[in-house]
Amino acid sequence: MVAATAQAPARPGLSNKARELMEAINTDAAKHHVWVRTQANSPAQRPWFADTTGDVVQLATGRVAANQMKTLPHHWRWKDYSQYLNRISEVARKADVSPIEFADRQSILLLNPGLNGRLQVTSTIRCAISIYNPGDVAPVHIHSPNASRTILSDKGGYTIVEGERCEAARGDLILTPNGTWHDHGNEDSEPVIWIDMLDWPLMEFLDCAWVDHGYEGENAGKNAKVQETVHQSGYSGRLYGRGGMVPTFVSHQRGIGQKPSPLIHYRGADVRETLDGLRKEAGDPYEGIRLRFVNPVTGEPIFTTLDYSAQLLRPGEETAFKRETCSTFYVVIEGQGATEIAGKRFEWSENDIFVVPNFVWRRHLNTAKKDAVLYAVSDAALLNNIGHYRAQGRTNGTVTELVS
Ligand SMILES: [Fe+2]
């Protein structure tokens, strides 16, 4: 992968006199929060779809590049990041005060090297990996960002969402849609680890991020940390867990956000069974056997901003190249393989995490003799909703436009 820092091409015969005079104006204009344009925008905005090699991440220079946000390909290995979770867990066991008391969570946050140290992995997605020791509780709260957790531990841990208790197990996806009260904890005997993914950076950018810890629900005054369980584990699965059937006697609204998915707990065992049941199908040449997690009422992606999916790559399966206007964040739930991103190969194994930026070609390879399962979250839903989702495929040098 090459990070291109394209300069505006100098036009033959032009002197720098005009630019110097303009920069002199800038010296004065800055105090009024004004910039006089002395540089073209376009070098950082060449059409991503026109270049069929796609192995270049375009970066600007000069004033145009100031504070530029550009997601870069990156890979976080479990063997590298898990040590910090173990160290946090040890501190939490030994210290006089639980880190939850001053940091709200016991977690690490992943930083994309292209995003200037911001707490985000793409321009729209934040990823935190949390560890909960036995007895830990993250107090009940509500916020505007959509959030989810993907469970890495085999068992243990729970989330209560709008009164529904969700007992967690490996491969589960548990949603806390914007505007839903939720709390987390671990009542098991071993620490539990899960991956939190949120559209927090997007809500921050829109200046619309808020969090409220002032729970005033059924349990208020009894134990303010935990909301009362109204529905036992599996409730939303019983209501919505079979495709094509939706109950007529309940409201599909959860919380105060618009269009939340009322199915909030997607069980890893069900995901795996469904993938396995489809393994003999041809699948998608760019994705293998892929399932989209959807709002069962609307059939739309589970959040209006983020699109979640799970995909099975069969032993030896290699996908064709694809590139999209969305950026995608992957978690390796099972297996071993590699993903080529913008000309660079990233070898992954279980619990590894990697990011594919928008605009660049990528393909997945299952290099093992066993199945590989990837979970993905992207901002394709947002881009689709604002009319900007596009994708291309490349097979044997031929580029085709793809429909989502
Ligand atoms: Fe939360």
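Donors are N, O and S atoms within 2.8 Å of the metal (3.2 Å for Na, K and Ca), and since water is not among the atoms, sites may look incomplete. With that in mind, the iron ion is held by H141 (NE2), H143 (NE2) and H182 (NE2), at 2.1 to 2.2 Å. This is a predicted model, where local features need pLDDT of at least 70 and side-chain atom pairs count only at pLDDT 80 or more, while totals for chains, interfaces and linings use all residues. Residues are numbered from 1 along each chain as its sequence is written, and side-chain values use heavy atoms, with hydrogens and water left out.

Along the chain, the iron donors are spaced as H-x1-H-x38-H. H141 sits in strand β6 (residues 137-143) and H182 in strand β11 (residues 182-185), so this pair, 41 residues apart, links distant parts of the chain. Strands (E, at least two residues) and helices (H or I, at least four) are DSSP runs, numbered from the N terminus. Both H141 and H182 are buried; buried means under 20% relative accessible area, exposed means over 50%, and partly exposed is in between (1.4 Å probe, protein chains only). Strand β6 also holds A138, which is buried at 0% relative accessibility.

Now for the open sheet. Six strands make it up, in the order β3-β21-β18-β23-β16-β15, with antiparallel pairing; two strands count as paired if DSSP finds at least two bridges between them. β3 (74-76) and β15 (289-293) are at the edges with a single partner strand each, so one side of each has no neighbour in the sheet. On average, neighbouring strands here are turned by 20° against each other, direction ignored; the axes behind such angles are lines fitted to C-alpha atoms, for helices over the stretch in contact, and angles run from 0 to 180 degrees between N-to-C directions.

What about β16 (residues 307-313)? Five bridges tie this strand to β15, running antiparallel, and A310 in β16 is the bridge partner of L291. Towards β23 (residues 372-378), β16 has seven bridges, again antiparallel, and Y308 stands opposite V377 there. Seven of the seven residues of β16 are buried.
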